[in-house]
Amino acid sequence: MEVTFWGVRGSIPATGPGTVRYGGNTSCVTVLLESGALVIIDCGTGARNLGLSLREGPFGRGKGHATILLSHGHWDHIQGFPFFLPLYVPGNVFEIHGGAASPALLEQVLEGQMAAQFFPVQSFRNMGATVHLHAVEDEREFRVGGAKVRAHGNPHGPTGALAFRIEDAGRVLVYASDAGYATGGADAGSLALYRDADLLIHDSTYTPEDRALRLDRGLSSFEDALDAAARAGARKLALFHYDQDYSDHDVDEICDRARRAAASRSPAVDVVGAAEGLTLRV
Amino acid sequence: MNVRFWGVRGSLPVPGAKTQRYGGNTSCVEVQSASGTRFIIDAGTGIRKLGKELMRTEFQSGHGTAHILISHTHWDHIQGMPFFGPLYEQGNKLFVYARQRDDVHLRAVFASQTEAHYFPVPFDDTRADVSFRGLSDFEDFEIDDVKLSTARLNHPYIATAYSLCVDGAKVAYVADTAPFSDILFGEEFIATPPPAGQKPPPADQEKLRAMRSAVVRLCEGADLVIYDTMFTAGDYRLMPHFGHSRPRDAIDVCQDAGARKLALFHHAPERSDADVDAMLDDARVVASKTGARKLEIVAAFEGLDVTLGQG
């Protein structure tokens with residue numbers, strides 16, 4: 001698998017000189033499977049640049065096919081959807097797997113974003129590409145381009161967010177953004193999903209100090225992320241979904257602190273800070 | 001009066017190295033009269049930083065008042081609202097103005113932005129005193145020492161232009177709008193551009209002429225006109241049905257209105273700083289060729305401050 005980060009930020013895009021290195025776009029990650037199939041996880045504003053990068057290939061000619069996994073419907077995970085150009089090319093086909101209880105609810109979330117008072121296209125059915133919606137059920141495995149995919153609902157403040165496990169060609173990738181565990185950290189269900197991941201992309205919105213001030217947000221600190229990674233036996237942890245107010249310098253510090261903590265407590269976990277444009281081989 | 005730009009971008013925020021000088025936040029402009037009456041025009045992501053700034057003033061203790069004028073409720077004009085600090089402080093008074101609709105109440109439009117699927121904090125949990133006022137097309141009204149006028153714009157699902165007069169000066173905000181020539185926008189989705197050279201039906205042409213005249217009246221004698229110039233001439237040829245103007249459309253309106261200064265605004269997300277520079281150069285050439293030599297043209301950027309009239 002080849003994983004590329006297109007947006008690594010939480011809440012709202014963060015512009016300005018302070019976010020140029022890690023990037024200011026909201027959550028969007030692609031996974032290129034060994035079969036060549038493309039999986040897109042979340043559609044924050046990073047999806048716009050992803051769409052632009054796909055113009056020259058089959059997606060520019062209406063011959064593209066991709067799977068989109070949506071962790072949940074908060075803005076920073078869907079707001080790039082209306083600006084994802086391949087959706088406007090007839091012939092392209094997208095299978096959207098989302099964390100709503102049924103396709104009807106998923107449709108309502110996506111259509112709510114596209115409604116006439118908010119967006120000129122008025123419906124995602126007007127965009128041109130063919131879109132199929134699939135409601136994801138917790139723990140039920142499904143297949144995407146030769147890979148096995150399984151989801152688990154993590155606590156996320158008053159709501160939940162799905163984490164995804166992708167097993168492809170003997171390797172395991174897990175995406176767990178917007179997780180806000182109760183005291184004690186990730187529970188058995190979450191750890192089972194993350195178990196032995198070669199790469200765990202985990203919510204690391206805050207420093208532990210800032211998280212303590214914002215427990216109700218349902219988000220993690222780098223300590224929570226590292227703890228989950230170590231307990232699940234993950235080999236590599238990518239810190240992800242940084243707070244919009246953190247500058248590159250702040251994120252550098254988060255990454256340094258997480259690496260030092262890993263070196264002293266969980267030396268088996270290799271820590272990397274996700275950044276826009278970063279590609280990792282799994 | 002003082003005009004300050006907090007977000008100058010259209011469509012969606014664009015962080016990154018290529019937008020450092022003009023800024024990547026979506027539409028938000030602050031206007032303050034010398035006596036302190038405060039307006040915020042549109043609530044794109046630029047309003048987040050404005051909110052932080054305001055939370056260092058009387059808004060921090062819940063003693064702030066602001067009038068928020070919304071041109072229309074497309075995302076790039078409202079998506080910063082849930083991140084506006086003063087909204088969460090009890091005692092602050094926020095008056096939100098936008099065009100009245102028959103179908104949806106304004107509060108419902110804003111509240112649906114923060115429904116549980118989309119945002120962790122529901123609108124009803126915000127603590128400021130927020131009231132909504134629906135405006136009819138072409139309504140004139142006054143707030144404290146400021147005289148306001150409105151005009152209907154030519155944009156999908158309809159947008160409103162505002163002018164504000166105070167301190168012996170006038171500023172007009174004209175976004176978003178298409179030119180008043182090729183397509184009459186209403187509430188329907190327009191999927192494809194009309195065939196090249198095809199004029200709208202005579203009844204539509206008449207409505208477009210009247211709409212343009214009202215916009216020219218709104219901008220008449222303005223010291224500053226802030227205008228949606230998202231499109232280059234080439235963009236417009238491909239996307240006349242998207243509802244945005246070119247610099248030459250803005251220059252023509254400013255010239256007819258005798259306006260003194262034009263701020264190009266609502267830059268397209270794909271426009272790098274160098275691209276906006278080039279658009280500004282082109283616009284100045286267009287103005288000098290069309291006889292609008294006296295019109296001063298700038299391209300709006302985040303942090304641009306313009307003082308008009310007496311302070």
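Modeller: This is a predicted model. Two residues are in contact if their C-beta atoms, placed from the backbone, lie within 7 Å.

Biologist: How many residues does the contact take from chain A and from chain B?

Modeller: Each chain gives its own set to this contact. From chain B come 33 residues, and from chain A come 31 residues.

Biologist: By class, what does the side of chain A that touches chain B have?

Modeller: Two residues there are charged. The rest divide into 15 polar and 14 nonpolar residues.

Biologist: Why does the radius of gyration of chain A agree with a compact globule?

Modeller: Chain A has 282 residues.

Biologist: What share of the residues in chain A is buried?

Modeller: A residue is buried if 20 or more other C-beta atoms lie within 10 Å of its own. Of the 282 residues in chain A, the buried ones make up 55%.

Biologist: Now to chain B. Which are the edge strands of its open sheet of seven strands?

Modeller: The order is β6-β5-β4-β3-β2-β1-β14, with mixed pairing. An edge strand pairs on one side only. In chain B that gives β6 (129-135) and β14 (305-307).

Biologist: Which residue stands opposite Val29(B) in β3(B)?

Modeller: Strands β2 (residues 28-32) and β3 (residues 38-41) of chain B run antiparallel, joined by four bridges. Opposite Val29(B) stands Ile41(B).

Biologist: At what angle does helix α1 of chain B run to β1(B)?

Modeller: Helix α1 (residues 46-54) lies across β1 (2-7), β2 and β3 of chain B. Its angle to β1(B) is about 125 degrees.

Technical notes
Residues numbered from 1 in each chain as written. Chains lettered and ligands numbered in written order. Predicted model: local features only at pLDDT ≥ 70, side-chain atom pairs only at ≥ 80, totals over all residues. Nonpolar A, V, L, I, M, F, W, Y, C, P; charged D, E, K, R; others polar. Rg over C-alpha atoms; globule rule 2.2 N^0.38 Å. Buried ≥ 20, exposed ≤ 12 C-beta atoms within 10 Å, placed from the backbone. Pairing = 2+ DSSP bridges. Helix = DSSP H or I, 4+ residues; strand = E, 2+ residues; numbered from the N terminus. Axes fitted to C-alpha atoms, helices over the stretch in contact; angles between N-to-C directions.
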